[in-house]
Amino acid sequence: MLIAAHCPKPLALVLAAALACAASAACAHPHVWVTAKAQLVYEGGKLVGVRDTWSFDPEYTAFVTQGLDTNKDGKLSPEELAGLAAENTANLAEFGYFTKLKVGGKEQAFSDPKEPAAHMEDKALVMTFLLPLKTPVQQGRGVAALEVYDPTYFVAFSFAEGTDAATLAGAPQGCAATVTRPKTEQPKTADAGSPGMTEAFFEALTAASTYGVQFASRVLVACP
């Protein structure tokens, strides 16, 4: 279910929809807010993948799930959301799934995502998927560093609070994950009090841009 957004931005298509911008107002960034959780997955002592879990803001949720209650029971089941999860996850490939992982300072490449799924928590759409590493890596004493962010700041990602924001599955004994928060606080809108932060500025940004990294939290995993 892909719905074009009123604000012209490729990322709107990637995420299936964006909030409509009033015709008389500029399109302020960001358009979508996501609370993220991440699980680093290990097998046989090697890091093999990252499981992303994203909780979307209620406004985006309401917009993107229109018409998906096929049985008209007033609830959205995981089965009714399955198609949306699969399509959105597949379409994120162009943007590297907004997920960057380095081990010992070397960036890791991901294979196609697996296990896309979605469910509702209160008024929030929660989407999850597994990103397998193309080549499982022996972490050893090297630090694994994970960031989840949109380089163009069309989507504002922030990591959840609490111990479940970053978890490990099957990790070697003694490995531990910590979340470091960005020094730059995310503005409610990027054009609020920011000289030069016009819509034209953001339209010029691409997946290779670095603007969004200043708002990125980082998950660090260290093993003995």
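Mentor: Start with β1 and strand β9 (residues 166-169), which pair in the parallel sense over four bridges. In β9, Ala166 is the bridge partner of Ala38.

Trainee: What makes β1 and β9 a pair?
Mentor: Two strands pair if DSSP finds at least two bridges between them. β1 and β9 have four bridges, so they count as a pair. By the way, this is a predicted model, where local features need pLDDT of at least 70, side-chain atom pairs count only at pLDDT 80 or more, and totals for chains, interfaces and linings use all residues. Residues are numbered from 1 along each chain as its sequence is written, and side-chain values use heavy atoms, leaving out hydrogens and water.

Trainee: Why is β9 called a strand?
Mentor: Strands are DSSP runs of E with at least two residues, numbered from the N terminus. β9 covers residues 166-169, so the run passes.

Trainee: Which strand pairs with β1 over ten bridges?
Mentor: That's β2 (residues 46-56), and the two run antiparallel. They form a hairpin with two residues between them, and Gly44 in the turn has a positive phi of about 60°. Tyr42 has Leu47 in β2 as its bridge partner.

Trainee: What makes β4 and β10 edge strands?
Mentor: Their open sheet of five strands has the order β4-β3-β7-β11-β10, with antiparallel pairing. β4 (106-107) and β10 (176-180) each have a single partner strand, so one side of each is left without a neighbour in the sheet. Further in, four bridges join β7 (residues 144-148) to β11 (residues 218-222).
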